[in-house]
Amino acid sequence: MKVSCHINSSIVLGLRIIGKGFSAGKKLCAFLGLPFLSKLAFRNQERKLLKATERVAQENINAAFSEIKGSNSFTKCGISIDGTWQRKGYSSLNGLVSAISVDTGKI
């Protein structure tokens with residue numbers, strides 16, 4: 001991976017982690033006197049990060065399921081579920097749900 005591509009991915013990941021997007025990154029780089037990605041390049045980096053995140057999440061889900069899977073495809077197991085939103089109320093587009101296995105204690 002080229003250094004510039006790694007830097008671009010890191011900038012986009014950092015912005016998304018703090019809940020900011022293209023406009024915030026453009027302002028930051030303008031203030032620092034640095035060049036910034038085009039909107040198309042920014043969106044492409046976001047898509048790459050999304051695909052990687054989805055792949056890792058699916059691998060973790062499959063690994064967790066294989067630990068509790070019984071002899072058939074349906075398994076009875078006790079879980080505790082909780083959820084939250086990024087902002088108060090239900091107007092947020094970002095939410096989080098966690099499920100904890102009663103048997104293993106894994107999330």
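1. L34 is partly exposed, at 47% relative accessible area (partly exposed sits between buried, under 20%, and exposed, over 50%, with a 1.4 Å probe and protein chains only). You'll find L34 in the loop between α2 and α3; helices here are DSSP runs of H or I with at least four residues, numbered from the N terminus.

2. A word on the source: this is a predicted model, with local features needing pLDDT of at least 70 and side-chain atom pairs counting only at pLDDT 80 or more. Residues are numbered from 1 along each chain, and side-chain values use heavy atoms, leaving out hydrogens and water.

3. L34 also belongs to a nonpolar surface patch with L28, F31 and L32, together about 460 Å² of accessible area (Shrake-Rupley, 1.4 Å probe). Patch members have over 30% relative accessible area and no salt bridge, and nonpolar side chains are joined within 5 Å; a salt bridge means a Lys or Arg side-chain nitrogen within 4 Å of an Asp or Glu carboxyl oxygen.

4. Now the rings: there are three aromatic pairs (centres within 6.5 Å; planes under 30 degrees apart are stacked, over 60 edge-to-face, the rest tilted). F22 and F36 have centres 5.6 Å apart and planes at 45 degrees, so this pair is tilted. It links distant parts of the chain, 14 residues apart: F22 is in helix α2 (residues 22-32), F36 in the loop between α2 and α3 (39-68).

5. F22 is buried at 12% relative accessible area. F36 also pairs with F42, again tilted, at 6.1 Å centre to centre and 45 degrees between the planes. F42 is buried too, at 0%.

How values were computed: Rings of Phe, Tyr and Trp (its six-membered ring) pair if their centres lie within 6.5 Å; planes under 30 degrees apart count as stacked, over 60 as edge-to-face and the rest as tilted. Helices (H or I, at least four residues) and strands (E, at least two) are DSSP runs, numbered from the N terminus. Patches are made of residues with over 30% relative accessible area and no salt bridge: like charges are joined within 9 Å, nonpolar side chains (Val, Leu, Ile, Met, Phe, Trp, Tyr) within 5 Å.
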